[in-house]
2 protein chains.
Amino acid sequence: MDLVVIGGGAAGMAAASKAKRVDPSLSVTVIEAGRYVSYAECGIPYFLEGIVTSPDQLLHYPLEEFTTRRGINVITGTSVNVIDRKNRVLVLSNSSKVKYDRLIIATGASPKVPDSLSALGIRGIRSLESGEITHNDIAKAETVAIIGDGILGIELASSLVLGGKKVFVVSRHKDILKAFDSKIGAAFREEFKQRVSVLTEASDLEVTRRNGSFVLATSGREYAVDAVISATGIVPNTKIAVDAGIATDSRGIIITDGRMLTSDPSIYSAGDCASTTNLVTGKQDWHPLAQISNKMGRVAGANAAGGRMVFPGSVGTTLVKVFDYEIGFTGLTEEQAKKDGLDAKTIFVKGMSKAGYYPGKHPVFVTMVTENVTGRMLGAQVVSKDGAAWRVNAVAAAIQARLTAEAFFYTDLGYSPPFGPVWDPLIVAADLSMK
Amino acid sequence: MDLVVIGGGAAGMAAASKAKRVDPSLSVTVIEAGRYVSYAECGIPYFLEGIVTSPDQLLHYPLEEFTTRRGINVITGTSVNVIDRKNRVLVLSNSSKVKYDRLIIATGASPKVPDSLSALGIRGIRSLESGEITHNDIAKAETVAIIGDGILGIELASSLVLGGKKVFVVSRHKDILKAFDSKIGAAFREEFKQRVSVLTEASDLEVTRRNGSFVLATSGREYAVDAVISATGIVPNTKIAVDAGIATDSRGIIITDGRMLTSDPSIYSAGDCASTTNLVTGKQDWHPLAQISNKMGRVAGANAAGGRMVFPGSVGTTLVKVFDYEIGFTGLTEEQAKKDGLDAKTIFVKGMSKAGYYPGKHPVFVTMVTENVTGRMLGAQVVSKDGAAWRVNAVAAAIQARLTAEAFFYTDLGYSPPFGPVWDPLIVAADLSMK
């Protein structure tokens, strides 16, 4: 049996490795368009910052780990142009053909760079190669503009400022990080703007090149910078899947079931190109996040090799560190919940990260979203300079377990003065959510 | 209707406050043996360390918050000698009598100081007064011995060393912190012993006073110290309850149901003197911990006032910071599980607290205990200098929600390099527990 995996990122390599473990007799081949396999794209901001000094540090394993030790064929620098489902054959970019019995599509996602920017040579960041290119692009830059105010945009801004650059963030919105509740984000946004120049409501942005610089024009003013990075979102790399008639949603995301099987019973998909079940709404959703990709890949690999694993879905937990702040989301915002027809409300809490008398404490801002009538927890956002990320993880576990606010209130989160007040902000939020 | 609460600690004041909120027409009286109400006994080690400079800082609220603002009668410096259940009357230490319609016993727990030590004037720590006395006892001491190697003993040792003392910890066991798995505790124990003199297997300990010092004799050697603190466990303060014929277990813990009702339908109990349902075993247990006491108190107060709240139970999550280490337990150890008839196994994992390329990472040691066949998570222990406490809390939420290791493996804990590797040690432990 020939198993072929398209894509050597987190999902693809997890799938290939798991498949080989489940059935060592399988022939497993990974076809990767780029030069690298199994790398930590989440580490690219730190490479740009200078904490990580070489792309090699972002490789989880050397290639030999997969080829020699795990017995996987790895073809790099080669992409797949056509999936011929009828004949179970792939046509590669070098025109050669590869037969498959089982296929796993793990082609990931790419930056969605507006044409007006890409025409100027401005790029986004996703693959390790794109990180290397950007590293070179900004090496001599003193000022860098980031177009986009989402998680990646603000994370990059933080990394580049800490790496010594002067940074602009350009936002189409009223303020940065739109998904982030205005109440709990106020202190963070204020500090961010002390270190980064933020240009908001810039949907009129025009970028031009002039004398080796980029000039950003918005709201009647001009800003000259040495380099520009696009961080305006991502799109799934699913053209070959769409062309082959594999079922995708309106955004082009490959629809998968709990076994990570696509609409073709010989083809699985995993990672940033594949759908997941949103465990809050119960509906298909897209959570292109590294840990989810890893787990999806493992499940796809096991099933493609004849095993049986089920990926139950995810709640979209997202963590980021921006300057000294930890920021985390899990589940839905009230707005998202209402769009989905859920009768939701939000509770806002400002508490402290440690007991009142304990040194080194910081404010913890929490929003908790619950469903009226049932009391089920639907989502939470936490921001703090101390302990926000793992607080969000505790809530994520509770949401995934479908706890109500009342059940979460009684959850036996340990208390000790260095780690929280006796009524932790999370517990207070759960308490208020019950009322 | 007269509601009387015996004990003004966390549980008692939470009960009184909640009762008054549920039914403002209630007459609510708290009778507290000591001088203080509503204080943070968990802060006493920091008072001894010098981080907290006055006991007042450990009061959650000034007395007026309860008396003037919340309308609660508070009697301090007075204990209850007799509960006359037939006549619903309490006989106080000043011989006066107080009538009750509903009673809440929240008398807490006291240090279990061996007679041989208390005869020498050696005390334990639990109440704020006991903290003040110890603060005076050790004020001029250069060397302090702590008898007992449990959570409180090692926490005190850390505080006193950081406060400038030379400290001995005396243990009856082979090593300190018996409940703590030997594999995951090795690095911690080694560092602890670099800063604290640990005398182990000291069940032959004899303490005497000589020329204003205390002399500890064990294993044929003598150690002279300026002060000694007993930290050999606690006992519930339930003599009056036992005398009144209220049902207690063999340890004297008052047996309560989910409403915190005792065997007497007019009498509730909450806090360190009351039992809880261990949510792992389903059996009555004792978790004398501050946050649990607070929640129990609130439930007891609501129900005593005619409301309806249910305390579901607890899993005994315990966190402590000792020098740079965060140490946490939740649920059962394998040994405890087996004693309880559960078919349990333990997985041990050493991982890192952040992504491999991210600076400031530390090892994270995890044990995860699961039930064979069902895969249900029964307990976990985590120790690290980075992020152990809230990792334990995430597991605590999962255990309380009765997740299996498989469900926890798929839990959408957020990933970002500053907060964990892409396969967090918790996720790895869950994965290995499935095998």
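The model I am reading is predicted, with local features requiring pLDDT of at least 70 and side-chain atom pairs counted only at pLDDT 80 or more, while totals for chains, interfaces and linings use all residues; side-chain values use heavy atoms, with hydrogens and water left out. Residues are numbered from 1 along each chain as its sequence is written, and chains are lettered from A and ligands numbered from 1 in the order in which they are written.

**The sheet in chain B**

I noted the conventions before going on: helices (H or I, at least four residues) and strands (E, at least two) are DSSP runs numbered from the N terminus, and two strands pair if DSSP finds at least two bridges between them. On that basis strand S13 (residues 206-210) of chain B pairs with S14(B) in the antiparallel sense over 5 bridges. S14(B) also pairs with strand S15 (residues 221-225) of chain B, again antiparallel and over 5 bridges, and here I found B:Ala217 opposite B:Glu222 in S15(B).

I then looked up the two hairpins. The one formed by S13(B) and S14(B) has 2 residues between the strands, and B:Asn211 takes a positive phi near 50° there; in the hairpin of S14(B) and S15(B), which has 2 residues between the strands, B:Ser219 takes a positive phi near 50°.

Together these strands form an open sheet of 3 strands in the order S13-S14-S15 (chain B), with antiparallel pairing. S13 and S15 of chain B stand at the edges with a single partner strand each, so one side of each lacks a neighbour in the sheet. Neighbouring strands of this sheet are turned by 25° against each other on average, direction ignored, where axes are lines fitted to C-alpha atoms (for helices over the stretch in contact) and angles run from 0 to 180 degrees between N-to-C directions.

For accessibility I used the terms buried (under 20% relative accessible area), exposed (over 50%) and partly exposed (in between), with a 1.4 Å probe and protein chains only. In S14 (residues 213-218) of chain B, 5 of the 6 residues are buried, so the strand is largely enclosed by the rest of the structure.

**Two buried loop residues**

I next checked B:Ala231, which lies in the loop between strand S16 (227-230) and strand S17 (234-236) of chain B and, at 11% relative accessibility, counts as buried. Its C-alpha atom is separated by 5.5 Å from that of B:Gly153, 78 residues apart along the chain. Taking contact as heavy atoms within 4.5 Å, and not counting residues up to four places away in sequence, I found that B:Ala231 touches B:Ile146, B:Ile147, B:Gly148, B:Leu152 and B:Gly153.

In chain A, A:Ser171 sits in the loop between strand S11 (166-170) and helix H7 (182-195), and its relative accessible area of 1% makes it buried. Leaving aside neighbours within four places in sequence, its contacts include A:Asp149, A:Leu199 and A:Glu201.

**Core and copies**

Which residues have the most contacts inside the largest nonpolar core? They are A:Phe408 and B:Phe408, in a core of 137 residues, a core being a set of buried Ala, Val, Leu, Ile, Met, Phe, Trp, Tyr and Cys residues joined through side-chain atoms within 4.5 Å. Beyond four places in sequence, A:Phe408 is in contact with residues including A:Met368, A:Ala394, A:Leu403 and A:Ile427.

I superposed the copies by least squares on the C-alpha atoms of residues with pLDDT of at least 70 in both. Chain B can be laid on chain A with an RMSD of 0.0 Å by a turn of 180° and a shift of 0.0 Å along the axis. That is the relation of a two-fold axis, and in chain B the C-alpha nearest the axis belongs to B:Ala394, 2.0 Å from it. Since 100% of the interface residues of chain B are also interface residues in chain A, the copies meet through the same surface.

**Domains of chain A**

Chain A is divided into domain 1 (2-42 + 58-109 + 234-304), domain 2 (113-230) and domain 3 (318-433), with bounds that come from an automatic or database domain assignment. The centres of domain 1 and domain 2 of chain A, taken over C-alpha atoms, are separated by 31 Å, and their contact takes 11 residues from domain 1 and 5 residues from domain 2.
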